[in-house]
Amino acid sequence: MSAALLVAGCSQAARVDIPEGIPPGAGTPVPIIDVDAPGRTADLLNGWAAPQSDALGISVTALESYGYAAQVMARAQPGCGITWTTLAGIGSIESRHGTFQGSSVAPDGTVDPPIRGVQLDGTAGNTTIPDSDGGELDGDPVFDRAMGPMQFIPETWRKWGVDANGDGVASPDNMDDAALSAGRYLCDRGGDLTTAEGWQRALNAYNLSGKYLRDVRDRAAAYSVGVSG
């Protein structure tokens with residue numbers, strides 16, 4: 001069985017079948033680039049990202065970030081197999097690809113205004129996480145808050161956060177940095193994400209919620225066949 005999404009064309013509606021199951025599909029292959037090039041290396045993926053951006057509903061810059069992260073992880077941990085579609089699925093659910101509540105993604109990947117989650121004070125079904133960084137990263141000296149387009153809590157960011165846009169700073173509020181850091185975390189927690197077991201293990205580590213897993217899967221599966229989630 002498969003879910004179906006109707007996509008309006010210029011003259012008629014075309015039916016696109018969205019695959020079921022996990023892991024979601026890999027989507028349009030990311031071309032090989034020199035991930036060690038100076039500066040924002042994700043810019044090298046512009047020719048891959050730009051033609052897909054409108055159909056997917058993802059900005060070119062954010063899409064470059066997801067593709068770059070997948071490329072780096074393919075070299076760093078080839079046994080993981082994380083795809084840009086999975087990262088985009090998470091980015092969609094977490095922050096609408098860095099555009100939640102009016103934020104936007106700059107050409108260097110910076111998300112402004114910075115996105116912050118609610119206080120993790122145990123209310124409304126949230127986990128209780130007392131402040132772990134003196135408010136240095138998340139701006140809250142009482143409780144932790146999730147940060148940036150991929151919604152890292154401070155403790156997790158301190159362990160996994162990396163600089164991916166070449167500016168020398170690992171920032172949870174940068175799309176490139178956040179996407180690659182998420183890839184590192186997911187690969188560590190899930191192992192082989194090309195298997196259903198590994199993919200589910202990784203997503204459960206990111207957010208232990210069946211609904212969250214299904215929502216990310218649905219978005220990623222849509223992106224895998226070239227339509228928005």
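Helix α3 is largely enclosed by the rest of the structure, because eleven of its twelve residues are buried (under 20% relative accessible area, with a 1.4 Å probe and protein chains only; exposed means over 50%, partly exposed in between). The model is a predicted one, in which local features need pLDDT of at least 70 and side-chain atom pairs count only at pLDDT 80 or more, while totals for chains, interfaces and linings use all residues. Residues are numbered from 1 along each chain as its sequence is written, and side-chain values use heavy atoms, with hydrogens and water left out. Helices are DSSP runs of H or I with at least four residues, strands are runs of E with at least two, and both are numbered from the N terminus.

The buried residues of α3 include Trp84, Leu87, Gly91 and Glu94. They pack against α1, α2, α5, α6 and α7 (contact means heavy atoms within 4.5 Å). From first C-alpha to last, α3 reaches 16 Å, close to the 16 Å expected at 1.5 Å a residue (1.5 Å times one less than the number of residues). Just after this helix, Arg96 takes a positive phi of about 55°.

The largest nonpolar core holds 49 residues. Such a core is a set of buried Ala, Val, Leu, Ile, Met, Phe, Trp, Tyr and Cys residues joined through side-chain atoms within 4.5 Å. Tyr66, Trp84, Met150, Leu186 and Tyr206 touch the most other members. Helices α1 to α7 each give two or more residues to this core. A second, separate core of five residues includes Val16, Ile18, Ala222 and Val227.

The structure holds one disulfide (a pair of cysteine sulfur atoms within 2.5 Å). This disulfide joins Cys80 to Cys187, with S to S at 2.0 Å. Cys80 lies in the loop between α2 and α3 and Cys187 in helix α5, 107 residues apart. The torsion about their S-S bond is about -80°, so the disulfide is left-handed. Both cysteines are buried.

The largest pocket contains about 860 Å³ of space. On a 1 Å grid over the protein atoms alone, a pocket is an open set of points with protein on both sides within 12 Å along at least five of seven lines, and lining residues have an atom within 4 Å of a point. Grid points are joined across faces, edges and corners, and volume is the space filled by probe spheres set on them. Of the 29 lining residues, Glu94, Leu120, Ala146, Gln151 and Asn207 are the closest to the centre of the pocket. Helix α3 gives the largest share of the lining, four residues.

Key. On a 1 Å grid over the protein atoms alone, a cavity is a set of points where a 1.4 Å probe fits but cannot get out, and a pocket is an open set with protein on both sides within 12 Å along at least five of seven lines; lining residues have an atom within 4 Å of a point.
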